[in-house]
2 protein chains.
Amino acid sequence: MSTQKSFAKGSSAPGPVPEGTIRLYSMRFCPFAQRARLVLQAKGIKHDVVNINLKEKPDWFLEKNPLGLVPTLETPSGQVIYESPITCEYLDEVYPDNKLLPSDPFEKAQQKMMLECYSKVVPYFYKIPMGKRSGEDVSALEGELKEKLAKLNEHLKTKKSNYMAGDSITMIDYMMWPWFERMEGMQLKHFLDGTPELKKWTERMLEDPAVKETMHAPDTHIGFYTSYIAGKADYDYGL
Amino acid sequence: MSTQKSFAKGSSAPGPVPEGTIRLYSMRFCPFAQRARLVLQAKGIKHDVVNINLKEKPDWFLEKNPLGLVPTLETPSGQVIYESPITCEYLDEVYPDNKLLPSDPFEKAQQKMMLECYSKVVPYFYKIPMGKRSGEDVSALEGELKEKLAKLNEHLKTKKSNYMAGDSITMIDYMMWPWFERMEGMQLKHFLDGTPELKKWTERMLEDPAVKETMHAPDTHIGFYTSYIAGKADYDYGL
């Protein structure tokens with residue numbers, strides 16, 4: 001698409017998905033959608049991105065995916081795929097260059113078990129800042145997050161590897177990254193002080209071309225988040 | 001194993017997993033573990049089953065899987081795999097006979113999207129009977145379950161297929177089955193009266209050899225469930 005601006009209710013639908021490409025319906029600040037953006041970039045897949053206003057979704061988008069979720073992929077033949085881990089695995093299977101998931105069934109299962117485990121960490125990245133804003137005591141939540149991050153730190157330490165599943169970036173790194181990118185904006189970055197291996201991992205991730213290509217600066221995340229919690233989400237913030 | 005009886009804290013660990021087989025740590029009445037049992041049966045995989053007392057888990061089991069979950073798979077080389085969809089996909093990849101997941105990436109993604117959607121139906125199979133027991137008004141929950149089952153019915157009707165993804169049983173049917181098996185015991189079977197296609201699907205499923213091999217009669221489910229809600233789960237009920 002020629003625009004990054006979000007499509008809202010009442011907007012005209014974008015044209016058909018060009019042959020030889022794939023389309024991602026996304027939202028510029030959605031960490032789940034960023035997973036798919038990371039995979040598209042890392043694998044060098046020819047694609048376009050249509051950003052969706054998630055508060056006022058266009059009818060034509062809801063016709064494609066009645067759940068209205070991002071990320072959603074659409075192929076030139078009109079196949080629709082959603083749920084971030086499913087979209088990412090689909091992309092990795094259809095586009096064989098730069099495989100991100102291991103071909104060995106046990107190693108692949110290991111990545112999925114890690115992802116399942118990580119899905120229980122994600123809620124803390126929201127609960128803590130939101131709890132703090134409303135003046136709640138979040139010390140128990142903070143303790144739990146610390147414990148979970150310590151486990152990830154221990155994993156890297158025991159494995160003696162640069163990335164979550166070895167010495168090169170694989171799918172699991174990209175699945176985890178988007179929330180770490182937001183830690184500074186969410187004022188959670190100090191949690192990494194007690195987890196030096198994990199901190200080094202975030203520094204390595206920041207050097208990755210796909211991460212560089214898809215990321216926003218902390219201030220931009222803050223800008224969007226501020227508009228979001230004020231109930232006036234500015235999906236085009238910073239454009 | 002020569003016994004179906006559950007292993008509790010203090011029990012001796014079973015011997016090593018014999019070469020050429022795989023071991024399933026299970027619980028006879030766990031619907032998630034039944035998913036793996038269905039796949040093992042349907043694919044004719046040589047395996048043994050070690051049933052775990054989930055209230056008093058043996059230390060040796062927690063050493064293998066600190067999360068203490070069933071299903072857990074263990075290979076002769078000591079690889080450990082858990083989370084029901086991950087175990088089932090692992091089995092389907094490692095044992096190529098009788099493939100249950102499609103090889104086409106989009107069709108595979110479709111099965112996973114259906115499973116994700118179905119995971120939002122599962123809680124109702126617990127919430128409604130438990131709510132009823134404690135005298136709560138469950139009419140809203142019942143309405144929601146009806147709506148969700150109607151969607152599955154519509155799916156079968158539109159697809160004009162005998163099973164969820166075509167005219168033969170595939171992975172998604174086995175992923176969904178265990179809760180339907182328990183509907184009669186949970187006094188939820190009348191919900192199928194309004195969904196004739198889904199009812200026919202359950203009747204077809206009951207004819208499947210893997211379902212027949214892994215299922216319990218409604219009375220047995222009731223017997224276990226009664227012991228479970230009384231806080232004295234009898235994992236060996238009916239043996």
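Start your tour at the second largest cavity: the residues that line it comprise four nonpolar, no polar and four charged ones. Keep in mind that you are looking at a predicted model.

**Stop 1: the second largest cavity**

Which helices each supply at least two residues of the lining? They are α3 (84-94) of chain A and α4 (105-118) of chain B.

**Stop 2: the largest cavity**

A search of the whole structure finds two cavities of 30 Å³ or more. The largest cavity has a volume of about 60 Å³. To display its lining, pick A:P105, A:K108, A:A109 and A:K112 along with B:I86, B:E89, B:Y90 and B:E93. Here α4 (105-118) of chain A and α3 of chain B each provide at least two lining residues. This lining divides into four nonpolar, no polar and four charged residues.

**Stop 3: the two chains together**

Now colour the model by chain. Chain A can be superposed on chain B by a rotation of 180° with 0.0 Å of shift along the axis, giving an RMSD of 0.0 Å. The two copies are therefore related as by a two-fold rotation axis. Which surface does each copy use to meet the other? Of the interface residues of chain A, 100% are also interface residues in chain B, so the copies meet through the same surface.

**Stop 4: helix α3 in both chains**

Go to α3 of chain A. Eight of its eleven residues are buried, so the helix is mostly covered. Among the buried ones are A:T87, A:C88 and A:L91.

Switch to chain B and select B:T87, which sits in helix α3 (residues 84-94). Is B:T87 buried or exposed? B:T87 is buried, with a relative accessible area of 0%. A polar atom of the B:T87 side chain lies 2.7 Å from the backbone oxygen of B:S84. Beyond its neighbours within four places in sequence, B:T87 is in contact with B:A36, B:P71, B:L73, B:I81 and B:Y82.

**Stop 5: a cis peptide bond in each chain**

One of those contacts, B:P71, is worth a click. The peptide bond joining B:V70 and B:P71 is cis, with omega about 0°. Most peptide bonds are trans. You will find B:P71 in the loop between α2 (59-64) and β3 (72-74) of chain B. In chain A, the peptide bond from A:V70 to A:P71 is cis too, with omega near 0°.

**Stop 6: positive phi values**

Most residues other than glycine have a negative phi. Select B:E83, in the loop between β4 (80-82) and α3 of chain B: its phi is positive, about 75°, although it is not a glycine. Next, pick B:K160, in the loop between α6 (139-159) and α7 of chain B. The phi of B:K160 is near 50°, and this residue counts as exposed at 73% relative accessibility.

**Stop 7: helix α7 and beyond**

Continue to helix α7 (residues 171-181) of chain B, where eleven of the eleven residues are buried, so the helix is largely enclosed by the rest of the structure. The buried residues include B:W177, B:P178, B:W179 and B:F180.

Finish in chain A with A:Q187, in the loop between α7 (171-181) and α8 (196-205). At 60% relative accessibility, A:Q187 counts as exposed.

How values were computed
Residues are numbered from 1 along each chain as its sequence is written. Chains are lettered from A and ligands numbered from 1 in the order in which they are written. This is a predicted model: local features need pLDDT of at least 70, side-chain atom pairs count only at pLDDT 80 or more; totals for chains, interfaces and linings use all residues. Side-chain values use heavy atoms; hydrogens and water are left out. Helices (H or I, at least four residues) and strands (E, at least two) are DSSP runs, numbered from the N terminus. Buried means under 20% relative accessible area, exposed over 50%, partly exposed in between (1.4 Å probe, protein chains only). A polar contact is a pair of N or O atoms within 3.5 Å; within protein, one must be able to donate a hydrogen and the other to accept it, and residues adjacent in sequence count only if both atoms are side-chain atoms. Contact means heavy atoms within 4.5 Å. Copies are superposed by least squares on the C-alpha atoms of residues with pLDDT of at least 70 in both. On a 1 Å grid over the protein atoms alone, a cavity is a set of points where a 1.4 Å probe fits but cannot get out, and a pocket is an open set with protein on both sides within 12 Å along at least five of seven lines; lining residues have an atom within 4 Å of a point. Grid points are joined across faces, edges and corners, and a volume is the space filled by probe spheres set on the points. Ala, Val, Leu, Ile, Met, Phe, Trp, Tyr, Cys and Pro count as nonpolar, Asp, Glu, Lys and Arg as charged, and the others, Gly among them, as polar.
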